[in-house]
Every structure is written in structure tokens, then in C-alpha cells.
Amino acid sequence: MYPSALHIRWGHPEASIAALAVSEEPWPFWAGEDEAKLVEAWRQAVGWRNEWGTATPVGRLNGSSGRAVIDRVLTPLGLDPARVWTTDALPFFHVHRAPGSQGEAMSTRYDPFARAHGLPAHHLPDRPSTKELIRRAVAEEGDRLIAEIRDAAAPLLITLGNEALAVAAQLLDGDLPERLTPDGTYGRRHHASALRNDVEVLPLVHPGQRSAEWTGIHQRWLERSTGR
């Protein structure tokens, strides 16, 4: 629905964060390729100083969603990631603020350090409500999304998660449901059109979905898709 981020492992005697978001990911559903080079390029771009501590790669915490998309969506469908057009409904990284979240770590660990050392506090936007995410995507990004679907000229559009499905349902003409339902319809393809261009739509859960029920439903779809 919106980008993930390039993260660093930040360490300092006064504070540390295991995965601190410092920039948007290089492309939608980035799978962590060239992480070390990207982290070093970011260090150079911001003029990183030793007195700020260490800023190193985080390993598999970078690109986790992208790898899940490849492993649990594209590969079962026989799709080459290099030939797939990926996009986000909203092109801005948002931060969760719940206890134990990255947003809390930024506010309680990074910001006090920043103020003490003359650095800017973080100003990343909070994650809006689901309803607001969908509204903004349709109102602010609808024209871009339709243009991308048209320009991609792909016969299949895969939506990941209820928010992305709801955005597609509002932007496209066709028989798309507003939400995924945990029944035998999961994995069913739908017919839609964008600016009179026909496209088949496959609504799936987001690979970051942690619900045991949805994980099981998606796993059964995987087994049917791969014949295992």
C-alpha cells in the first residue's frame, strides 16, 4: 500500500535501534539487493560522522516484504520478478506508533539523542487509518495508478491486502470485491478494465500479513497453485 524503507542498524553508547528507517526503499517490494552498497551510499550522502555512532546494514530486515512477494506470490505464479511492474498506492513511507514499534523507538531513543547532539528530530508521517489510506490513494494517486496500469500493459494485476484491493475496486470498472473474504473464493481472479483496457485482477493477502487464519488460507492457495 505504501513503501517500506532502507534501514540501518544504529549503535551508540547512549542509544541504539536495531532497524532504523533512513530512506525509502529503492523500488517497491525491494528484496534487499545491494543492501551494503545502499547503506554506504546513504552514509556518504548524509556525511555520517563517527561521533554519531555506527550505521551498518541490518541483514534480512531489509527487503523482507520483497522477498516474501517473490517467494509467496510471484514464484508460485511462474512470474519473473524482473518482468513484473510493481507500485505503491501511496508513494510515502509511514510510521507505526504502537508500543514496541519503530515509531516509538524513533521518538524515545533517536529523538532525545538528536536533540542532545544538534541533529534534527525525525518527522516521518504517522500511518493513517485504513479508511484514510484508501481515501488518499484514490483521491491523490488515482490518476497515476491508472496511468501505470495502462503503461504496464500487463494482463494480470495482483493486489496485496485489503487496502490495495479497495483502491483497485474504486478505480477500476469490473466485478472486484471491496474486501478479501476467508472462504473458497480466495485466489479467484476477477475481470476489470482501466480506461477501456481489460485486465485480470488477482486479490491476495499482503505477504506481511501475520494472521494465522490468513497465513493458512494463503498457504492452501500456494499448494493449489504449485500442485504440492
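Tutor: In this predicted model, the side chains of Glu 40 and Arg 43 meet in a salt bridge, with 3.2 Å from N to O. Both residues belong to helix H1, where they are three residues apart, and therefore about one helical turn separates them. Glu 40 is partly exposed, its relative accessible area being 35%. In general, side chains of opposite charge can pair when their charged atoms come close.

Helix H1, residues 35–46, lies across E1, E2 and E3 and runs at about 70 degrees to E1. Helix H3, residues 102–116, also packs on the sheet; H3 touches E1 and E2, and its direction makes about 105 degrees with that of E2.

The sheet itself is open and consists of three strands in the order E2-E1-E3, with antiparallel pairing. Strand E2 (15–24) and strand E3 (54–56) stand at the edges; each has a single partner strand, so one side of each is left without a neighbour in the sheet. Neighbouring strands of this sheet are turned by 30 degrees against each other on average, direction ignored. Strand E1, residues 5–12, pairs with E3 in the antiparallel sense over three bridges. Within that pairing, Trp 10 has Ala 55 in E3 as its bridge partner.

To return to the salt bridges, the count comes to 11. One of them joins Arg 150 and Asp 151, whose closest N and O atoms are 3.1 Å apart. Arg 150 is partly exposed, at a relative accessible area of 40%, and Asp 151 likewise counts as partly exposed, at 47%.

A further salt bridge brings together the side chains of Glu 200 and Arg 189, at 3.4 Å from N to O. Glu 200 lies in strand E7 (residues 197–204), whereas Arg 189 lies in the loop between strand E5 (173–174) and strand E6 (190–194), so the pair ties together parts that are 11 residues apart in sequence. Glu 200 is partly exposed, with a relative accessible area of 26%, and Arg 189 is partly exposed as well, with 35%.

Note on methods
Residues numbered from 1 in each chain as written. Predicted model: local features only at pLDDT ≥ 70, side-chain atom pairs only at ≥ 80, totals over all residues. Heavy atoms only, no water. Pairing = 2+ DSSP bridges. Helix = DSSP H or I, 4+ residues; strand = E, 2+ residues; numbered from the N terminus. Axes fitted to C-alpha atoms, helices over the stretch in contact; angles between N-to-C directions. Contact = heavy atoms within 4.5 Å. Salt bridge = Lys/Arg side-chain N within 4 Å of Asp/Glu carboxyl O. Buried < 20%, exposed > 50% of the residue type's maximum accessible area, 1.4 Å probe, protein only.
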